[in-house]
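Here are my notes on the model, written as numbered points. Have the structure open while you read.

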Amino acid sequence: GFAPASRISTIGVSQILKIGARAQAMKRDGKPVIILGAGEPDFDTPDHVKQAACDAIQSGKTKYTALDGTPELKQAIRDKFARENGVSYALDEITVATGAKQILFNAMMATLNPGDEVIIPTPYWTSYSDIVEIAEGKPVLIACDAEAGFRLKAQQLEKAITPKTRWVMLNSPSNPSGAAYSAEDYRPLLDVLLKHPHVWLLVDDMYEHIVYDGFKFVTPAALEPALKSRTLTVNGVSKAYAMTGWRIGYAGGPRDLIKAMAVVQSQATSCPSSISQAASVAALNGPQDFLKERTASFQRRRDLVVSALNAIDGLDCRTPEGAFYTFSGCAGMLGKTTPGGKRIETDTDFCAYLLDDAHVAVVPGSAFGLSPFFRISYATSEAELREALERIAKACAALR
Ligand code: PLP
C-alpha cells in the first residue's frame, strides 16, 4: 500500500481548504451559502497589468527566464523596496518565486537542518508551520492573544530563543488577525534580536498596502540596518494588486541566502512564469493610486464587520490595523447548545454550526494556532457581508 514520507506525515490538507470545499458542495446542493473564508481580494487584476501580460505573450516572452527572476522584474522590485520601504537591495539580493509561498519554502529548505527551531507567533498564517515541518525544522509556537493585540512581546521572544533557533517569522499586517507592528511595536523585538546574532528574521509584508486609519507601515530592514544582513523581507503582488492567480512573490535579503534559495528553486520550478513576471513589472512600475481607493473600500467593510460582530453578545472583535480579516473571540459561545441539541465545545464546533445552520463559512482559530477565535475574510461585497452578519447574529441568539 501507499505510505507517505515521514516529512509530510504530520501535515494535513489545510482546514481552510476543507471548509471551502464543504461550503462549495453545499452551494452546489442549492443552499444559499456565503463564503467568508477566501484569502483573496474580490477586486480584479488592473487592466494595465493584464495588458502587459498579453504584450509579453505576443512578443514571445514565453520561454524559461533567469532562474530567480528576470532582470526587469528584479529592477522593478529593487525600485519598489527603495521607493516604498527605504531599503536598498542590490539586484543579487533579490529573488522572485512562484508566490510568496514558494519564497518561504525556498528559504526554509535552504536553511533548516533537522531540529532547527523557528519561532512563530500565533495566530499565524497556516502555511508557516507546515513549511517549517516539511523542511524538517521545529515550529516553536508562541501564543499572542487579543489583549496583546495579537503581537509578540519582547519578553516572549527572549524566552523562546535557544541555541537551536534559526528564524523568527513575523507577519505585519497579519493573516489572520489583521494586527500590524508599528515602529514602536517592532523596536523592542529588534533589540532582542540584536543580542542574538545566530537568529535570523523573516518578515512577511504581503499586506503592507492594506492598512487603515493612517497606520504607518514599516519594515524591519529599514528600521534596523544592523539586522539587514540577517533579515529576509518577503512580499508579493498577490494581495496588493489582486494577482493571486499569477503566482509571483519576491524577497530581498543577504546575497548568500538568496543564492541558496535559488538552488532550491532550480530543482523545483526552474523559474517563475515568464508572463506573470512581465505582468508584475507593470504592476510594480505602474500607477499606484488605485491601491488607496481599494484600501478605502476595505476599510468601510472592516468597520461594518467589526461593529456588527461586537454588537453580538458573546463575541469580541479587536479592530485590526490592516489586511482584510477580522479575528474575533468566541469564548462566550462555548458551553452553549444549538437548536439541534449539539453542545459547542470549541471554535471548530462554533464554525461548523455557523456553516450548517446560518450557511456562513468562516474559519476557526484552531486553523491558525489560537483558540477560541474565528476568522472572517471581508474581501466580499458589503451587501453579502451585511447578510452574513445578520445570519451570524441570529444564529448566535438561537444558542442556549
Ligand atoms: N503570506 C501571507 C501572510 C498570506 O496570507 C499569503 C496568502 O494567503 C501568502 C503569504 C502567500 O501569498 P502568495 O503565495 O500568493 O504570494
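1. Start with the open sheet of four strands, ordered β9-β10-β13-β12 with antiparallel pairing. Because β9 and β12 (363-364) sit at the edges with a single partner strand each, one side of each has no neighbour in the sheet. Strands here are DSSP runs (E, at least two residues) and helices are too (H or I, at least four), numbered from the N terminus; two strands pair if DSSP finds at least two bridges between them.

2. Before going further, keep in mind that this is a predicted model: local features need pLDDT of at least 70 and side-chain atom pairs count only at pLDDT 80 or more, while totals for chains, interfaces and linings use all residues. Residue numbers start from 1 along each chain as its sequence is written.

3. Now the pairings. Strand β9 (residues 316-317) is joined to β10 by two bridges, antiparallel: D316 is opposite G329, and C317 is opposite S328. On to β13 (residues 373-377): five bridges tie this strand to β10, again antiparallel, and S328 has F374 as its bridge partner there.

4. How covered is strand β10 (residues 325-329)? Mostly: five of its five residues are buried, meaning that 20 or more other C-beta atoms, placed from the backbone, lie within 10 Å of a residue's own. Y325, F327 and G329 point one way, T326 and S328 the other. In a regular strand, side chains alternate between the two faces of the sheet.

5. Domain 1 puts 33 residues into the contact and domain 2 puts in 31 residues, where contact means C-beta atoms, placed from the backbone, within 7 Å.

6. On the domain 1 side, α1 (6-9), α12, β10 and β13 are the elements giving two or more residues. The largest share, five residues, is from α12. By class, that side has 16 nonpolar, ten polar and seven charged residues; Ala, Val, Leu, Ile, Met, Phe, Trp, Tyr, Cys and Pro count as nonpolar, Asp, Glu, Lys and Arg as charged, and the others, Gly among them, as polar.

7. Last, the ligand. Of the 13 residues around it, G99, A100, K101, N175 and S238 come nearest; a residue is near if its C-beta atom, placed from the backbone, lies within 6 Å. The shell has three nonpolar, eight polar and two charged residues.

Key. Buried ≥ 20, exposed ≤ 12 C-beta atoms within 10 Å, placed from the backbone. Contact = placed C-beta atoms within 7 Å.
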